[in-house]
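Please open the model in a viewer and keep the selection panel at hand.

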Amino acid sequence: MRTTVLKHTLPDGSWHVDWLIEVDETPRPRVPTFRLSDRPDQAGLTAFAAERLPDHRRLYLDYEGPVSGGRGHVEQLSTGHVVSIALAEDVLRLEVMVQGLLWSWQGTRVDEALWRFLRIDRAD
């Protein structure tokens, strides 16, 4: 399973980060996606808020370029692999390997679209 962090630049020049996460090996056409203001793979980040977006097409895990409908442009900031994942309606716990580093996050739904993610230590 894969994960991708995209920089989505809008036509007005503003931008945000989209984080796409494959949740299982099933070749589903769409994958869960979150909008963030910070990269979830940056060193020192211990918490962040994220907006749950409608699932994005799987092709965006590998895509860079213009977004259809004049909605801007995306570029990959990082890609990696999902090491483990547990997804429930209101909780997402995952470990991802990005650029040789293991990141562990637990996300909790705050309301309809808002999620809060906290970095968690791995219990070995």
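Which side chain meets that of Glu 51 in a salt bridge? Select Arg 35: the side chains of Glu 51 and Arg 35 form a salt bridge at 3.6 Å, N to O (a salt bridge is a side-chain nitrogen of Lys or Arg within 4 Å of a carboxyl oxygen of Asp or Glu). Glu 51 lies in strand E4 and Arg 35 in strand E3, so the pair ties together parts that are 16 residues apart in sequence. Strands (E, at least two residues) and helices (H or I, at least four) are DSSP runs, numbered from the N terminus.

This is a predicted model, in which local features need pLDDT of at least 70 and side-chain atom pairs count only at pLDDT 80 or more, while totals for chains, interfaces and linings use all residues. Residues are numbered from 1 along each chain as its sequence is written, and side-chain values use heavy atoms, with hydrogens and water left out.

Colour the pair by accessibility next. Glu 51 is partly exposed at 34% relative accessibility, and Arg 35 is partly exposed at 32%. Buried means under 20% relative accessible area, exposed over 50%, and partly exposed in between (1.4 Å probe, protein chains only).

A search of the whole structure finds seven salt bridges. Now select Arg 2, Glu 22, Arg 58 and Asp 62, which are linked in a network of salt bridges.

Begin with Asp 62 and Arg 2, whose closest N and O atoms are 2.7 Å apart in a salt bridge. Asp 62 lies in the loop between strand E4 (47-57) and strand E5 (65-66), and Arg 2 in strand E1 (residues 2-9), so the pair ties together parts that are 60 residues apart in sequence. Asp 62 is exposed, at 54%, whereas Arg 2 is partly exposed, at 25%.

Move on to Glu 22 and Arg 58, whose side chains meet in a salt bridge of 2.3 Å, N to O. Glu 22 is found in the loop between strand E2 (15-21) and strand E3 (30-36), and Arg 58 in the loop between E4 and E5, so parts 36 residues apart in sequence are tied together. Glu 22 is buried at 8% relative accessibility, and Arg 58 is buried at 18%.

Finally, select Ser 78 in strand E6 (residues 73-87). Is Ser 78 buried or exposed? At 4% relative accessibility, Ser 78 counts as buried. Its side chain is joined to that of Asp 41 by a polar contact of 2.6 Å (a pair of N or O atoms within 3.5 Å; within protein, one must be able to donate a hydrogen and the other to accept it, and residues adjacent in sequence count only if both atoms are side-chain atoms).
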